[in-house]
Amino acid sequence: MTRHAFITGGGSGIGAAVARRLVADGYKVSVAGRDLLKLEAVATGLSGTCAVVCDVTEEESVEAAMEEAVRHHGPVSILVNNAGIAPSAPLVKTSRAEFDRTIATNLTGAFLCARAVLPGMIAAGFGRIVNVASTAALKGYPYVAAYAAAKHGVLGMTRSLALEVATKGVTVNAVCPGFTDTDIVARSVETIVAKTGRTPEEARAELARANPQGRLLTPEEVAETIAWLCRPESGGINGAAVPISGGEV
Ligand code: NDP
């Protein structure tokens, strides 16, 4: 049976790397996000991949996107909750709207997508949910309180849901990457440059120093761990938070 993997935020960075990896493993893949052109650029050339517009913060959008994906590829047996944003600012300069948007995208989005696919997974007796959390789910960093709150929340939801479905053939795990070379890090570098006057090279080096290996991770490394958690043979791993951080946590 060819399994269907639904990847939110699949149009760039880690999500696109997961799409490439799971297609190589023989899965049918749906990449979901808000920008159809970006999604189609990833889907083109990846056989068996469809692009689905989805804003994970909107309940109706999630439901419609899941229906569209199921029409293309059949029931979803793998969900990778990867869509996320990582704004940075001191807490006192974080607006209520920005805080809410960060929680809605990183945490509520994962909840909505999981809720949409779980009944089908339970009925099939098989499912894999992998939530892309962060090292910020395991420790704090300055200037990202909203993001760390959302990612800690993702991990709490992961652990609870894992217990809820433990006997159903469904596993729920989180991966916790450190700084990874994607658009999110590019935007962080821009912010550091604008706020501190450092050069982009200095800002990147500062982020890389958080990793004991002294480097940024690649999206492909994160995708590799996600693909491993999705395998049928990984069914004993449930409720885990897998760090991919060169030893930072
Ligand atoms: P990207 O910015 O490349 O990817 C984020 C993706 O999320 C984009 O494709 C974006 O697409 C999508 N997205 C954002 N908001 C929404 C929304 N409301 N609905 C649907 N999709 C949305 O960065 P990364 O690949 O780095 O990020 C992927 C995940 O990895 C995130 O959850 C991030 O927190 C996590 N992570 C990243 C780390 C890093 O250092 N890069 C470290 C640890 C975790 P679009 O805007 O087109 O909708």
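**A predicted protein chain and its ligand**

The protein chain has 8 helices and 7 strands; helices (H or I, at least four residues) and strands (E, at least two) are DSSP runs, numbered from the N terminus. This is a predicted model, in which local features need pLDDT of at least 70 and side-chain atom pairs count only at pLDDT 80 or more, while totals for chains, interfaces and linings use all residues. Residues are numbered from 1 along each chain as its sequence is written, and side-chain values use heavy atoms, with hydrogens and water left out.

The overall form comes first. Along its principal axes, the C-alpha trace of the protein chain spans about 55 × 35 × 35 Å. The radius of gyration of the protein chain is 17 Å, which agrees with the value near 18 Å that a compact globule of 249 residues would have. This radius is taken over C-alpha atoms, and the globule rule is 2.2 Å times the number of residues to the power 0.38. Of the 249 residues in the protein chain, 48% are buried. Buried means under 20% relative accessible area, exposed means over 50%, and partly exposed lies in between (1.4 Å probe, protein chains only).

The ligand is the next topic. There are 30 residues around the ligand, and Ser12, Arg34, Tyr147, Thr180 and Thr182 come nearest; a residue is near a molecule or strand if one of its heavy atoms lies within 4 Å of it. By class, this shell holds 11 nonpolar, 12 polar and 7 charged residues. Here Ala, Val, Leu, Ile, Met, Phe, Trp, Tyr, Cys and Pro count as nonpolar, Asp, Glu, Lys and Arg as charged, and the others, Gly among them, as polar.

Several atom pairs may be located in the view. A polar side-chain atom of Arg34 lies 2.7 Å from an oxygen atom of the ligand. A polar backbone atom of Ile14 is 2.8 Å from an oxygen atom of the ligand. For Cys54, a backbone N or O atom lies 3.5 Å from a nitrogen atom of the ligand. A polar contact is a pair of N or O atoms within 3.5 Å; within protein, one must be able to donate a hydrogen and the other to accept it, and residues adjacent in sequence count only if both atoms are side-chain atoms. On its own the ligand has 870 Å² of accessible area, and the protein covers 95% of this. Accessible areas come from the Shrake-Rupley method with a 1.4 Å probe; for residues, only the protein chains shown count as cover.

The elements that give two or more residues to the shell are α1 (13-24), α5 (145-164) and α6 (183-196). With 4 residues, α6 gives the most. The ligand lies between domain 1 (4-178 + 218-239) and domain 2 (179-216), because both give residues to the shell around it. These bounds come from an automatic or database domain assignment.

Individual residues complete the picture. Val42 lies in helix α2 (residues 36-43) and is buried, with a relative accessible area of 13%. Val42 and Ala19 are 23 residues apart in sequence, and their C-alpha atoms are 8.2 Å apart in space.

Leu217, in the loop between α7 (200-209) and α8 (219-230), is buried as well, with a relative accessible area of 2%. From Leu217 to Asp181 the C-alpha distance is 6.0 Å, although the two are 36 residues apart in sequence. Glu206 is found in helix α7 and is partly exposed at 32% relative accessible area.

Two further loop residues may be noted. Asp55 is found between β3 (49-53) and α3 (59-73), and its relative accessible area of 23% makes Asp55 partly exposed. Tyr143 has its place in the loop between β5 (127-132) and α5 and counts as exposed at 55% relative accessibility. Phi of Tyr143 is near 70°, a positive value in a residue other than glycine.
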